[in-house]
Amino acid sequence: MVTRREANAGLVSAAMVAGTSGLGAQAAKVRSLPPPRATGGKPLIDALKLRRSIREYEARPLPLQTLSDLLWAAFGVNRPSGDRTAPYWRHVMVIDVYAALADGVWLYDPKEHRLEQRLDADIRGQTGTQDFVATAPLNLVYVAHGERMLDISPEERRLYASVDAGFIGQNVYLFCASEGLATVFRGSVDTRKLAPQCSSARGNS
Ligand SMILES: Cc1cc2nc3c(=O)[nH]c(=O)nc-3n(C[C@H](O)[C@H](O)[C@H](O)COP(=O)(O)O)c2cc1C
């Protein structure tokens, strides 16, 4: 049974990010995350039985340890090679995961397992078209960098970037099922409004 309803995962499916972030890379604040828990959680079969979409959320912030565990489960580094908890297209990191929190928009850095602030405004309400997104304590935004996908057509970029995002989304679903958190994967996003808010200082496309 879901007892806590806190996380909310959003999707910018293969959105091509353009524009600049509100904070430059040098001004960016960094938030350290505690190491992800190495044990615990429900058995996979139990998590699969519990996996579902939930659209009601409590407003209270996620504990930092839970945020750390969630981001690691989503797309963290799980091997010395630097590879991730989710598979990804042709060994190219196409998806960046952003956390839209009450205190701003943060880029997840999986290698350092930390957050880097990209915007110091609360834009949760812009991460989707449904009312609950504005008060859900966390909205994850999956930003696809098409410019990192060389030698394929725009259609293929969208396809593979969407698949990459889907794997991450399922990791989030299973983590939330295991932890008694609410989540829903969302495609109903006004990407033209949201994309400029989530542009990484590393580049745009
Ligand atoms: C690509 C994709 C986009 C989705 N977009 C939304 C959305 O914008 N809003 C929403 O409330 N649910 C969205 N969902 C969740 C589905 O509605 C949900 O998974 C489906 O109804 C099955 O319910 P379940 O997840 O509880 O099994 C989306 C799911 C997928 C896979």
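Predicted model: local features only at pLDDT ≥ 70, side-chain atom pairs only at ≥ 80, totals over all residues.

User: How many of the residues of the protein chain count as buried, and what makes a residue buried?

Analyst: Of the 205 residues of the protein chain, 50% count as buried. Buried means under 20% relative accessible area; exposed means over 50%, and partly exposed lies in between (1.4 Å probe, protein chains only). Residues are numbered from 1 along each chain as its sequence is written, and side-chain values use heavy atoms, with hydrogens and water left out.

User: Which helices and strands does the protein chain have, and what makes a run count as one?

Analyst: The protein chain has four helices and six strands. Their order along the sequence is β-β-α-α-β-β-β-β-α-α. Each is a DSSP run, numbered from the N terminus: helices are H or I with at least four residues, strands are E with at least two.

User: Why is D96 called buried?

Analyst: D96 sits in strand β3. Its relative accessibility is 6%, so D96 counts as buried.

User: What makes the link between D96 and H145 a polar contact?

Analyst: The side chains of D96 and H145 are joined at 3.1 Å. A polar contact is a pair of N or O atoms within 3.5 Å; within protein, one must be able to donate a hydrogen and the other to accept it, and residues adjacent in sequence count only if both atoms are side-chain atoms. The pair therefore qualifies as a polar contact.

User: Why is H113 called buried, and which side chain does it contact?

Analyst: H113 lies in the loop between β4 (104-109) and β5 (114-119). With 10% relative accessibility, H113 counts as buried. Its side chain makes a polar contact of 2.8 Å with the side chain of Y108.

User: Why is W89 called buried?

Analyst: W89 belongs to the loop between α2 and β3 (95-101). Its value is 10% relative accessibility, so W89 is counted as buried. W89 and V163 are 74 residues apart in sequence, with 8.4 Å between their C-alpha atoms.

User: Why does Y57 count as buried, and what does its side chain reach?

Analyst: Y57 is in the loop between α1 and α2. At 15% relative accessibility, Y57 counts as buried. Its side chain reaches the backbone oxygen of I54 at 2.6 Å. A polar atom of that side chain also lies 3.3 Å from the backbone nitrogen of V184.

User: How do you know which residues surround the ligand?

Analyst: A residue is near a molecule if one of its heavy atoms lies within 4 Å of it. The residues around the ligand are R51, R52, S53, R55, Q130, Y173, V184, F185, R186, G187 and S188. This shell divides into three nonpolar, four polar and four charged residues. Nonpolar covers Ala, Val, Leu, Ile, Met, Phe, Trp, Tyr, Cys and Pro; charged covers Asp, Glu, Lys and Arg; the others, Gly among them, are polar.

User: What makes a space a cavity or a pocket?

Analyst: On a 1 Å grid over the protein atoms alone, a cavity is a set of points where a 1.4 Å probe fits but cannot get out. A pocket is an open set with protein on both sides within 12 Å along at least five of seven lines. Lining residues have an atom within 4 Å of a point.

User: How many cavities are there, and what lines the largest?

Analyst: The count is one cavity of 30 Å³ or more. The largest cavity has a volume of about 50 Å³. Ten residues line it, with L50, R52, C176, A177 and L181 nearest its centre.

User: What lines the largest pocket?

Analyst: The largest pocket holds about 430 Å³ of space. It has 18 lining residues, and G40, W72, A73, F175 and S178 are the closest to its centre. Helix α3 gives the most to this lining, with five residues.

Note on methods:
Points joined across faces, edges and corners; volume = space filled by probe spheres on them.
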